[in-house]
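Have the viewer open as you read.

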Amino acid sequence: MASLLELAFILVVVIDLFVLASSRMGAAIRVVAMQGVVLGALPLLLAPPGHPLGHYVLLAGGALAIKGVLIPWLMFRAIREASIRREMDPVVGFVPSMVLGGIGVALAFAFSGRLPLPEPAHPFLVPTALSTAWAGMLLVVSRRKAVNQVLGFLVLENGVFVFGLLLSGFMPMMVEAGVLLDLFAAVFVMGIVMFHINREFSSLDTEKLSALKD
Amino acid sequence: MLLRTAYHLAALLVLPPLLLGVVNRTKAFFAGRAGPPLVQPYLDLWKLLRKGAVYSRTTSWVFRAGPVIGLASIASAGLLLAMGGAPAAISFAGDFVLFAYLLGLARFVTALAALDTGSAFEGMGAAREVTFASLAEPAVFLVLLVLARATASLSLGGMLGPQLGAAWAGAAPALLLAAISLFVVALAENARIPVDDPNTHLELTMIHEVMVLDHGGPDLALIQYGAALKLFLFGAILSRIVFLPGVTGALAQEALFLLGVLAFAVGVGVVESAMARLRMVRIPQLLVGASVLSAFAIVLLLR
């Protein structure tokens with residue numbers, strides 16, 4: 001169980017690095033969906049033995065359904081409608097963003113032990129959360145295409161979700177359900193925004209939003 | 001023990017072309033062909049060895065020394081390797097640095113021989129080869145550092161020795177990441193798809209093959225044999241890391257070791273059949289990715 005948990009955390013971090021390196025949106029969406037599935041499994045793996053499982057099962061099921069299935073489906077729809085396949089030239093290149101991601105991961109693993117936090121259920125929990133959030137933020141600021149920015153937001157939210165697991169013993173379920181619903185609504189709204197950008201400029205490049213036009 | 005070392009030396013010298021045969025057969029299987037016989041690389045080498053060599057008048061002794069020094073340094077790198085859990089033929093603290101730089105020396109003399117021909121095309125190939133090698137080298141060293149840290153030993157004999165079993169119990173994720181990273185590096189170092197295609201002779205995209213275009217006959221045989229040997233070395237390290245960390249008993253170790261090396265060859269063949277070549281601008285990304293993975297492995301070990 002412990003090694004499975006360790007493997008799950010490491011998989012989450014490796015997926016962060018992969019998304020930072022990949023220019024193909026289809027592949028990126030697929031691995032973010034996989035990250036969602038792994039995150040869905042995490043609450044079950046972290047559940048303390050002897051505790052009623054209902055809360056954890058609902059949390060896992062909700063994460064799995066929204067992060068692993070629903071949102072990836074919406075994203076695939078978006079890239080199909082806009083018929084874009086890859087990010088051409090990001091603001092920060094793929095190699096530098098991967099290296100930055102690696103540095104973030106190293107720092108997260110080196111220093112997370114010093115943070116004044118409640119005792120985590122697993123030593124990898126906090127560094128995984130921090131490095132996932134860092135990778136998500138990097139994606140949001142360094143990519144030009146709206147789809148990739150939404151993907152970055154998702155990765156960032158995944159980091160927050162992992163961080164939330166730190167407190168899942170205390171958090172009422174309604175709060176967690178609300179967070180998942182918020183995420184879904186946010187991606188939904190972003191989908192509408194993407195649709196409008198695409199219709200206006202016939203491209204999903206957000207740089208065009210800042211150009212003046214008469 | 002001595003017998004076992006002798007057996008390993010024999011395996012090191014005899015088996016490498018077989019790996020190429022396995023890779024080619026795997027590719028043929030995926031393409032739906034019967035493929036060349038497994039011993040075809042041996043026959044090719046034999047054919048090349050019986051031929052004469054033609055040397056251009058613009059070349060000097062550097063060109064003739066290239067293949068010989070290249071093969072010699074790869075073979076001596078093989079001596080440092082502990083195969084199948086048995087101690088290496090030569091072992092001392094810090095020999096992994098020598099291992100990495102013996103492979104580097106082989107590449108250096110090959111590039112030098114290519115430059116010695118005075119052909120602009122070969123110069124371009126040499127430039128490409130060393131560019132990508134400079135990106136692969138950090139990954140190799142990071143992987144070796146992971147092994148050194150996990151097994152708490154500074155020689156290749158110790159890193160791939162009996163401590164590896166205990167290391168897997170304590171640091172499985174780090175070793176797994178290192179193994180994946182090493183596989184990527186092995187593909188790049190041995191000029192296989194997705195980095196380079198050993199069969200292509202398309203001048204826009206070839207890397208390693210460019211440098212050996214002017215070699216013929218016995219020289220080419222030495223180069224091809226050296227390339228096979230290098231593939232075998234990487235296969236041996238990977239097989240040792242992945243397949244038999246906890247196995248004891250000489251016979252089981254040897255059998256699993258051979259199986260692991262063959263599985264490595266099949267894996268290379270599968271990757272070559274299933275993946276397209278990367279565009280050349282994407283290769284640094286792959287190699288930096290391998291470095292980042294192994295750096296992550298080190299971070300996991302150090303915390």
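The report below starts with the chains, moves to their contact, and ends with some local backbone details.

This is a predicted model, in which local features need pLDDT of at least 70 and side-chain atom pairs count only at pLDDT 80 or more, while totals for chains, interfaces and linings use all residues. Residues are numbered from 1 along each chain as its sequence is written, and chains are lettered from A and ligands numbered from 1 in the order in which they are written.

**The two chains**

Chain A has seven helices and zero strands, and chain B has 12 helices and zero strands. Helices here are DSSP runs of H or I with at least four residues, strands are E runs of at least two, and both are numbered from the N terminus. The table gives the extent of each C-alpha trace.

| Chain | Span along principal axes |
|---|---|
| Chain A | about 65 × 35 × 25 Å |
| Chain B | about 55 × 45 × 40 Å |

The radius of gyration, taken over C-alpha atoms, can be set against a globule rule of 2.2 Å times the number of residues to the power 0.38. For chain A, with 214 residues, a compact globule would have a value near 17 Å, and the chain's 18 Å agrees. Chain B has 303 residues, and its 19 Å agrees with the value near 19 Å for a compact globule.

**Where the chains meet**

In all, 16 residues of chain A are in contact with 12 residues of chain B; contact requires C-beta atoms, placed from the backbone, to lie within 7 Å. On the chain A side, the elements that give two or more residues are α1 (2-21) and α4 (94-111). The most comes from α4(A), with nine residues. By class, this side of chain A has 13 nonpolar, two polar and one charged residues. Ala, Val, Leu, Ile, Met, Phe, Trp, Tyr, Cys and Pro count as nonpolar, Asp, Glu, Lys and Arg as charged, and the others, Gly among them, as polar.

Which way does α4(A) run relative to α12(B)? Helix α4(A) packs against α12 (residues 283-302) of chain B at an angle of about 0°, with the axes 10 Å apart. The two are therefore roughly parallel. Axes are lines fitted to C-alpha atoms, for helices over the stretch in contact, and angles run from 0 to 180 degrees between N-to-C directions. Angles under 35 degrees count as roughly parallel, over 145 as roughly antiparallel, 65 to 115 as roughly perpendicular and the rest as oblique. Residues of this contact include A:F94, A:M98 and A:F109 on α4(A), and B:V288, B:V292 and B:F296 on α12(B). The contact divides into 14 nonpolar, three polar and no charged residues.

**A neighbour within chain A**

Helix α4(A) also has a partner in its own chain: its axis comes within 8 Å of that of α5 (residues 125-142) of chain A, and they cross at roughly 155°. These two helices are therefore roughly antiparallel. Among the residues that meet are A:G101, A:G104 and A:A108 in α4(A), and A:L130, A:W134 and A:L138 in α5(A). By class, this contact has nine nonpolar, five polar and no charged residues.

**Backbone details in chain B**

The peptide bond from B:I193 to B:P194 is cis, with omega near 10°. B:P194 sits in the loop between α8 (163-189) and α9 (208-211) of chain B. Another loop, between α6 (120-151) and α7 (156-159) of chain B, holds B:A152. Phi of B:A152 is positive, near 55°, in a residue other than glycine.

Definitions and conventions:
Contact = placed C-beta atoms within 7 Å.
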